[in-house]
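Hi everyone, thanks for coming.

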Amino acid sequence: MNIIIKGFLFRQFSILSRSFVLKIQHPNLKKLKSMNLNSKIEIALYHSDKIISNFTSRHSLSNKIVGYWLLSCSGMVFVAVTLGGITRLTESGLSIVTWKLLGEKIPLNEVSWLNEFEKYKQFPEFKMINTNITLQEFKQIWLMEYIHRMWGRLIGISFIIPASYFWINNMLKPGMKKNILILGILIGCQGLLGWYMVKSGLENDFMKPSDIPRVSQYRLAAHLGLAIIIYTKFLYTALDHLIPNETNGFNIFKLKSVDKQLKLLKRLKLIAYSSKCLIFFTIISGAFVAGLDAGLIYNTFPKMSNKWIPDDILFLKPLIKNFTENPVTVQFDHRILAISTLFLVTYLAIISKKYKLCGRAATAILAVLISTYMQAFLGIFTLYSYVSTHSATAHQSGSLVLLSTIVWLCHEMKCIKKLPK
Ligand code: HEM
């Protein structure tokens, strides 16, 4: 019975191998002969190996292409955030008073410009702040906002066209289709949120002479928050494609005894992930500082006008309002969060020394450390310069550089859960 089954299996295998040989009609027949393969089974195995390796290399080529595309999308989001910062700092954000899904038309002659200028004159920013703005100055702020909006649309196109191509041609890894859908939805929401934010600065409810027509700090924080979520997702998935994570588990650490150090490694990972959360919250609190122009008060560091805790920190009622509506509290919170980030990242770098990190993980920790200190320095400089456009733009871009380094570090640490127990 056993012999019959074995015979049957062998026959099936040789039929299969012959069909492999016939199907392939290989152009390398000469090469094969010279290899002295002495049975059809060996030839079939040789071919199946080649098929598998061709498939794998095609697959890894697709991964690389998709990875570089995701990386360029994250780069485009980085530029969009920087452009958004410049738009806000040059007070250009409220110059285009309408929103069209496919883009506003750029005025091509003087009549169209005057028409656009007239529309702007109906809104509070002109009536209350920019009453003396010239047409030439208006053109500059209009173009700044236009570039920011069009860049956002360009991101949409650079995402949707390649994504559809990769989807149709089955070039996406398992699980990536879900990520693509999420990213698509988030990008769409970001566009709508951008307009929702601008609308808050166009509403006619700035009544008192002391009111400053500007966008709501809540909507600004939501817009920046969503931008950094999109950025992080693009970057993380790009790294998943470009840096094969399964293989770096043992590259990261020169482990002598895995058992002993596993617990400690998990602690290190926890600190890295906590730093990422803290950086995220510091960035969001920074958006509140920017939204309330809170960088224009208390321009000293570390004390706030000779005091560690300023007097007017809790003057709004109910108290909770102070954390999002009182510029003093908002600036104070941003300092506290930034200093906590500085301490946590320094602690991370110090304890990582214990594990004798090597390779990419060590470089990533160093990058996080350097960018955190740079960011804090830029923040203090922004404060001292009374929020000059250059330093504030550098501070805003610096926050994304810092975020990139911590995302990279967390990606390197992902494999810790795969280490043998
Ligand atoms: C980990 C450290 C820090 C991070 C991640 C961070 C992040 C940010 C972000 C994202 C913004 C919003 C920028 C915008 O929307 O234009 C901001 C604004 C600001 N930050 Fe920081 N910051 C940090 C440290 C500091 C420090 C130490 C100071 C100084 C006390 C500081 C002072 C400011 C000021 C004055 C602004 C308002 C700038 C503006 O109006 O454009 N930051 N920060």
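**Around the ligand**

Domain 1 (65-242) and domain 2 (247-421) each give residues to the shell around the ligand, so the ligand lies between them; those domain bounds come from an automatic or database domain assignment. Do keep in mind that this is a predicted model, where local features need pLDDT of at least 70, side-chain atom pairs count only at pLDDT 80 or more, and totals for chains, interfaces and linings use all residues. Residues are numbered from 1 along each chain as its sequence is written.

How many residues surround the ligand? There are 30, and the closest are Gly 286, Ala 290, Gly 295, Ala 338 and Gly 379; being near here means a C-beta atom, placed from the backbone, within 6 Å of the molecule. Two or more residues each come from α3 (40-89), α10 (258-291), α12 (327-352), α13 (359-384) and α14 (389-413). Helices are DSSP runs (H or I, at least four residues), numbered from the N terminus.

Now for the loop between α10 and α11 (322-325), where Pro 302 sits. The peptide bond from Phe 301 to Pro 302 is cis, with omega near 5°. Pro 318 is in that loop too, and its bond with Lys 317 is also cis, at an omega of about -10°.

Tyr 298, from this loop, has a positive phi of about 50° without being a glycine. Is Asn 306 buried or exposed? Asn 306 is exposed, since 7 other C-beta atoms lie within 10 Å, and the cut-offs are 20 or more for buried, 12 or fewer for exposed, and partly exposed in between, with C-beta atoms placed from the backbone.
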